[in-house]
Structure formats: structure tokens, C-alpha cells
Amino acid sequence: MKKTFALLLTLVMVFGLVASMPAYADDEIIINFPSIWVGTDSKAAYMSKMIEDFNAENAGKIKVVVEEQTDYQAYRDKIRTTITTGNAPDLCVLDTTFDIKAYAESGKFMDLTPYLNEGWGENFTDGAFDAWSVDGKVSILPFEAAVFPLVYNVEILKAAGWDHFPATYDEFFQMCKDVKAAGFNAMGQMAGDNAWSSMLWYSLIVEAIGGKDVYADGLDNPAFVEAAKVLKEMYNYTFDGAVSATASDVNGHFIARDTAVYLNGPWWIANLYKDDNAVDGVKLADVCDVATNPVYEGGKGDGKGLVTTVQGFLAAAKQDDPAKEAAVVKFLQYISDPERVSEWALSSGAMFFIKYTPSPETSLISQKFTEISNNASYTILHVNGAFPTAFSTEFPAAVSALVLNQIDEEGFVDQLQTAIELAE
Amino acid sequence: MKLERSDRGPLIAFLLPAIVVMVIFFIIPVIYVVVVSFLKWNGISAPIARGFKNYLLLYKDKAFTRSVINNVIWALVAGFIQVPLAMVMAIILSRKPKGWKFFRTVYFFPQVISGIALATLWRAIYSADTGLLNGLLRAVGLGHLARDWLGTIETAFPAVLIYWVFYIGYYMVIMMADITTIDSSYYEAAVIDGATDFQQAIYITIPLIKNTSLLTCITLASVMGLRQFEQVYMLTNGQPANTTSTIVLYMYKKMQDTNYGVASASAVVLIIVGVIFIVCIRKLFEGRSEQAKQLRALKKARRAVK
């Protein structure tokens with residue numbers, strides 16, 4: 001009896017194992033796509049729909065297989081490791097702006113130039129490839145764009161006696177004092193995790209002080225020291241525990257409506273419209289407005305300069321099989337089709353380096369982001385994108401040391417500079 | 001013992017699989033890491049030899065120095081606070097007081113929860129504005145002591161370290177298993193001689209587990225302390241101001257920077273620190289083992305007299 005049971009159990013397990021293995025047609029081309037646009041990412045739902053539709057349209061010929069990865073850092077680690085070990089995935093998303101050229105020069109990715117020259121390139125915004133092509137060849141596509149205007153809670157500003165958003169940093173700090181006096185936090189800062197919010201605030205201040213050419217001299221530009229002073233001052237007007245806080249703390253405070261100003265990319269806009277974040281039926285977006293970076297007195301910024309970045313690049317591994325190369329390009333062309341991108345932008349709030357007509361249903365906040373983007377007199381990358389990865393790795397340590405008076409503003413910039421030099 | 005020639009064949013046959021696995025999965029990777037530690041390599045471009053420069057950079061980097069110090073503190077705390085705590089509990093529970101099974105389960109329970117989950121839990125407990133700890137302090141009128149535990153230079157590292165010290169279940173269970181193998185006649189003889197529970201623990205239990213489970217636990221705990229990563233990564237990511245960083249976290253960050261040469265150099269330093277620790281622990285216990293030998297000889301003699 002026991003033997004029969006054991007045999008049955010073994011058979012069931014073997015059958016289960018075999019049944020769970022994916023079955024592909026012999027001549028079906030499989031495109032492996034480790035994707036970060038999954039889970040709770042605002043782009044996930046439409047991305048999933050596009051993949052489903054693409055697979056259905058190409059049933060038996062091409063199949064895109066998504067490997068889900070929801071953690072950005074783990075995703076970066078995985079992709080970097082696969083590229084390093086010569087096993088770059090068929091398709092992946094890259095976001096470490098400073099390393100893109102090195103990846104493009106590595107020769108491990110597919111040269112997309114011939115396909116782009118056949119007309120596909122017309123779908124992309126003008127000059128999109130200028131900064132990322134190597135010897136005139138495009139192997140990595142700038143795809144998801146990000147701009148960083150300020151989103152503010154109109155009701156909190158009103159409660160603090162402000163009926164408009166400050167136009168200068170002097171006014172901004174007066175507003176911070178008033179908001180704090182009214183029992184709210186002026187803005188969310190975080191030095192924990194990757195210090196994302198503080199990094200963005202620092203980028204805005206650097207832009208306001210140093211203007212469009214602020215990165216020309218690297219960290220030697222005095223704007224970086226001056227901006228560190230301003231950033232440190234901002235920590236007086238944020239919530240308790242900002243030194244150890246993470247993005248979820250910053251987001252949580254803004255959603256809880258105890259923080260006046262929020263700074264993040266367009267992918268976060270969808271959260272403003274979520275019913276889960278509504279209070280008494282009033283969506284967060286209904287009490288929010290969008291503003292540009294204030295002008296810094298004596299600074300080189302003109303109030304219309306915009307901090308931006310390429311939030312996501314698409315890259316495809318070099319293929320030996322021409323049929324597979326064609327299949328990967330077909331999928332890339334499918335997801336960068338202007339009509340689909342328009343719907344994608346509508347559903348997610350994200351922005352893309354694709355020329356598309358925004359849907360009339362585009363949210364008001366998204367429209368304002370686009371308007372600010374279109375009216376920008378110039379753009380600069382955020383500091384993480386403008387400097388080597390060692391800068392962003394060191395930034396949380398430098399910010400926390402600055403805020404906790406372990407170093408002064410010069411020491412802050414020195415620490416970042418040293419980190420970059422160590423990596424060279 | 002000298003091996004007979006005829007025994008060598010089977011011996012080699014039995015050892016070979018283990019040796020092959022060891023060479024493939026340990027020796028070769030270690031050699032690879034050592035080689036990369038002398039290179040400048042971003043994982044994409046061709047590597048460039050740079051001699052000892054990566055080690056020089058480590059020496060100059062305050063964050064790395066801080067990481068080494070933190071790891072040494074961690075390993076010492078693990079070996080000489082966490083394990084002795086586990087030993088005390090093992091000795092108490094081995095005497096099977098009322099509810100010992102319940103307490104054994106309670107102490108062991110955290111071992112079945114992932115370090116990431118525990119770190120997340122403690123992150124919530126330490127949170128400055130919504131944390132349980134600060135809430136508790138405020139509730140009992142000690143609100144002035146409330147602070148950003150993980151965001152203050154003075155408290156961040158102790159906060160990361162202190163909760164972990166009390167997770168003693170793993171070592172406790174190992175030592176309990178060892179204690180149960182001690183011959184009960186020793187304790188019976190000690191009771192007849194009028195020895196208290198404390199004296200029995202000091203003069204019988206500890207000497208008899210010292211060179212077996214206690215040494216194993218101290219070695220294991222110290223090594224675990226040296227390779228701390230996930231708790232620190234989840235709780236503080238090495239902040240504030242790198243005060244909670246560890247060597248493995250430092251190494252991870254250098255890999256994020258695609259600076260594989262420096263990352264490998266820090267891995268080599270970790271291996272060296274680990275070897276130094278293990279040798280020191282062995283030496284420490286070797287020095288004392290003579291006493292254990294004498295004790296065993298004494299017991300043997302007493303048994304013979306009886």
C-alpha cells in the first residue's frame with residue numbers, strides 16, 4: 001500500500017513538474033523581457049495589455065515572456081550582472097543615465113540605427129538620440145521621460161495664508177515657516193534609502209542657483225555648495241525623522257495631506273487620482289496644483305528651467321539570429337507606436353520620448369506637467385543622472401552627514417567629489 | 001594513523017566529489033575575486049591592471065574604515081554577548097523548568113522569519129513619527145527620550161545591533177542539544193557534594209560544552225556578524241553618514257557603482273578579517289582546553305575511586 005502510494009505521489013509530482021513547464025511551438029521565437037513595469041508600477045497595466053495583445057497577434061510566431069521584477073534596485077543589479085556576464089536579456093529597461101554611454105559602447109546591444117532610419121525614428125521626439133548615440137549608432141533607446149515640477153496642496157497653502165505658490169526661494173522659505181506654524185510640513189525630505197526626494201530637491205536648487213550650465217565644471221561650480229546650504233535649511237520644515245525616512249514616508253505624508261509640497265516624476269500622478277487616496281470623496285488631485293521651481297535671488301536660473309531625466313531606456317541584446325532580431329524590433333516598434341503610447345500615457349501619467357497626441361481625457365495635472373515641459377526655457381538632468389553612479393550611491397550618506405552637522409556644506413560637496421574620484 | 005596503500009583509492013574516491021565541488025564553488029571564485037581586486041573594471045569595458053591601488057583606496061576611504069570597525073564590533077557582540085546569552089538560556093531550559101518547551105519555541109521562533117521581514121518590522125518600531133518605541137516612550141511620560149533612532153548618529157548603530165542580539169534561538173538550540181548529551185551522573189554527584197544549580201552550570205556544563213557547541217556557536221555567530229548585510233541594508237542602508245555600514249554593504253554599493261575592483265578588494269579584506277577572527281577564537285579556546293582536559297581527567301579519577 002505504502003509503495004503504491006509512494007509511486008502515485010511520484011507520478012503526480014513528475015506530472016505536475018512537466019505540466020508546469022512552459023510549452024512553446026518549435027518555431028516560435030521567444031523574447032525574454034525582465035521587466036520593471038510590473039506590479040504596482042503605474043505603467044504595468046497597459047504594458048501587460050500590450051504584451052498580451054502582441055502575443056495574441058503573433059501567436060505561434062513570437063512570444064514575449066515577461067520576467068517580473070518589482071524592486072528597482074534588485075532589477076538594476078540583475079540587469080547589470082547579466083550584461084557583465086555576457087548574458088544580456090533579449091530586452092530590458094535601463095535607467096542609470098550616466099552609464100548608458102558605456103553600455104552603448106560595449107557592443108553588447110543591438111544596433112537599432114537601420115530600423116530607426118527606415119521611418120521608425122520619426123516616432124521619437126526630435127533630438128531624442130543625440131546624447132545617447134555612439135559613432136552615429138543608436139543601440140539604446142531613450143524611452144520614458146521624466147520632468148520634475150512641484151506639486152502642492154492648495155488647501156494647506158491656504159491654511160497657512162498663501163493663495164499662490166512662491167515665485168522666489170525667499171518667499172518659499174517664508175511659506176515654509178507659515179506652513180509649519182499652521183501645523184503642517186512644508187515638504188517631504190528623505191536621507192534614508194537612496195535619498196530620492198532630497199536628491200530631487202537638491203537638483204532643483206542647483207538648477208535655480210547655477211542655471212543651465214551648472215554641470216559644465218562638475219562639482220567645482222559654487223552652486224553646489226550654496227545649494228547644500230539651502231537643502232539643509234529645508235530639513236527644518238519637513239516631518240520628524242526625515243534623516244532615516246524613505247520614499248514611502250514622503251509619499252505617505254503627502255497622501256495623508258499633512259505636507260504642502262511634493263516632488264517626484266510624472267509616473268506618480270496616477271496616485272493623485274486614486275480613490276484609495278481620496279478623503280470624503282475628494283481626490284488628492286482635486287486639492288493639488290503644479291508649480292515651477294522658484295527663482296533663487298542672484299541665481300542663474302530663470303524660473304523656467306526644468307529638471308528632467310530619462311527615466312527608462314530600452315535596450316535589446318545583440319542577436320545572432322536575424323529572425324529573432326526582427327522579432328525584437330517588431331515588439332519595440334509595437335510598444336512605441338504613438339497611438340499606444342498615447343493610451344499608455346493616459347493610463348499611467350508617464351511621459352515618453354515619443355511624438356504622440358495626448359488624449360483629451362488626460363488628467364489636468366498631467367496636462368500641467370506637459371505644459372511646463374513645453375514651456376521650459378532649458379532642461380538639465382537631475383544630479384544623479386548628471387554624475388557617475390558613485391554620486392548617487394554616496395548622496396544619502398552625504399545628506400545625512402550634512403543635516404546632522406557631521407560635515408559643512410563644503411564637506412558635503414567634497415564627500416561627493418571624493419566618491420566620484422574613488423570610482424574613477 | 002598511517003594509511004595503508006590499499007585504503008588510499010577508496011579514500012580518494014570518497015573525497016573527490018567534495019574536493020571538486022569545493023574547488024569549483026569556493027577556491028576558483030576566491031581566486032577570481034583576488035585577481036579582480038587588482039583590476040579597474042566596470043564589468044563592461046576591458047579590465048585594466050592597477051596593482052594595489054584598490055586596497056589603497058579602501059585604506060583612505062572613511063566609509064570602509066567605519067564598515068570594518070562596525071563588523072568587528074558586530075562579530076564581538078555576536079560571539080561574546082549573543083552567544084553567552086544563548087548559553088545562559090540553554091542551561092536554564094535544559095534543566096526543564098515549567099514551560100520550558102514554550103520558551104524554547106518562543107526563543108527559536110524568530111529564526112524561522114526572514115531577516116528582511118524582521119528588519120522591516122523593526123524599521124516600523126524605530127520610526128521617528130509613527131514608531132512603536134517612541135509611542136511607548138511618550139505613553140509612559142518619557143517623550144523627551146523619543147528620537148529618530150535610525151537617523152541619529154549616536155543611536156543608529158546600537159539600534160541596528162541591539163534587537164538582533166536578542167535573537168538567540170539558533171545558538172540556544174545547538175547548545176541545548178549538546179547539554180542533553182552530558183552524563184547525568186556528573187550532576188547527581190555534584191548534588192550529593194552540595195553544589196548549587198549555578199555551581200553545576202559553572203563547573204560542569206560550561207566546561208563540557210566549551211570546546212564543542214560553545215566554540216561552534218561563537219565561531220558561527222562571529223562569522224554571521226562579519227557578513228551582516230540584509231538587516232543593515234533594510235534598516236538604514238548604512239546611514240546616517242555611513243555610521244551603520246558594514247563591509248558587505250560597502251561591497252554591494254561599490255558593485256552598484258560598477259566598481260568591481262574596489263568591491264573585490266573589500267571582499268578580500270572581509271575574507272582576511274574572517275580568517276583572523278576564526279584563528280583568534282581557536283587560539284582563545286585552545287589556551288583553555290587544557291583546563292577542560294584536566295577537569296575530564298579529574299572526573300575520570302573520581303569515577304574510578306567510586
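**Note on a predicted two-chain model**

1. Of the 306 residues in chain B, 34% are buried (20 or more other C-beta atoms within 10 Å of the residue's own; 12 or fewer makes a residue exposed, anything in between partly exposed, and C-beta atoms are placed from the backbone). The model is predicted: local features need pLDDT of at least 70, side-chain atom pairs count only at pLDDT 80 or more, and totals for chains, interfaces and linings use all residues. Residues are numbered from 1 along each chain as its sequence is written, while chains are lettered from A and ligands numbered from 1 in the order in which they are written.

2. Chain B holds 13 helices and 2 strands (DSSP runs numbered from the N terminus, helices being H or I of at least four residues and strands E of at least two). The C-alpha trace of chain B spans about 75 × 75 × 30 Å along its principal axes. Among contacts in chain B between residues at least 6 apart in sequence, 70% join residues at least 24 apart; two residues are in contact if their C-beta atoms, placed from the backbone, lie within 7 Å.

3. Between the chains, 26 residues of chain B are in contact with 26 residues of chain A.

4. Chain A is divided into domain 1 (22-147 + 309-364) and domain 2 (150-308 + 377-423), with bounds that come from an automatic or database domain assignment. The domain centres, taken over C-alpha atoms, are separated by 30 Å. In chain A, 15 residues of domain 1 are in contact with 15 residues of domain 2. On the domain 1 side, strand S4 (140-147) and strand S9 (305-316) of chain A each supply at least two residues, and S4(A) gives the most, with 3 residues. By class, that side of domain 1 has 6 nonpolar, 8 polar and 1 charged.

5. Helix H2 (residues 44-57) of chain A has 14 residues and should span 20 Å at 1.5 Å a residue; its end C-alpha atoms are 20 Å apart, which agrees. The expected span is 1.5 Å times one less than the number of residues. Buried in H2(A) are Tyr46(A), Met47(A), Met50(A) and Ile51(A). Seen down the axis, the buried residues of H2(A) fall within an arc of 140 degrees, so they line one face of the helix; the arc is that of the directions from the helix axis to the C-beta atoms. Glu52(A), Asp53(A) and Ala56(A) are exposed on the other side of H2(A). The cover over the buried residues of H2(A) includes strand S1 (29-35), strand S2 (62-68), helix H12 (322-335) and helix H13 (338-348) of chain A.

6. In H5(B), Ala119(B), Trp122(B) and Tyr126(B) are buried. An α-helix has 3.6 residues a turn, so residues three or four places apart point the same way. Down the axis of H5(B), the buried residues fall within an arc of 65 degrees, so they line one face of the helix. They pack against helix H6 (132-139), helix H7 (153-165) and helix H11 (230-235) of chain B. The face of H5(B) turned away from its buried side carries the exposed residues Ile116(B), Ala117(B) and Ala124(B).

7. The axes of helix H3 (residues 62-94) and helix H12 (residues 247-256) of chain B come within 8 Å and cross at roughly 145 degrees. Axes are lines fitted to C-alpha atoms, for helices over the stretch in contact, and angles run from 0 to 180 degrees between N-to-C directions. H3(B) contributes Ala63(B), Phe64(B), Ser67(B), Val68(B) and Asn71(B) to the contact, and H12(B) contributes Ile247(B), Leu249(B) and Tyr250(B). This contact has 6 nonpolar, 2 polar and no charged residues.

8. Some backbone details deserve a check. Most residues other than glycine have a negative phi, and most peptide bonds are trans. Gln239(B) and Pro240(B) are joined by a cis peptide bond, with omega about 0 degrees; Pro240(B) is in the loop between H11 and H12 of chain B. Thr258(B) has a positive phi, near 50 degrees, and counts as buried because 23 other C-beta atoms lie within 10 Å. Asn405(A) has a positive phi near 60 degrees, and with 9 C-beta neighbours inside 10 Å Asn405(A) counts as exposed.

Terms used:
Ala, Val, Leu, Ile, Met, Phe, Trp, Tyr, Cys and Pro count as nonpolar, Asp, Glu, Lys and Arg as charged, and the others, Gly among them, as polar.
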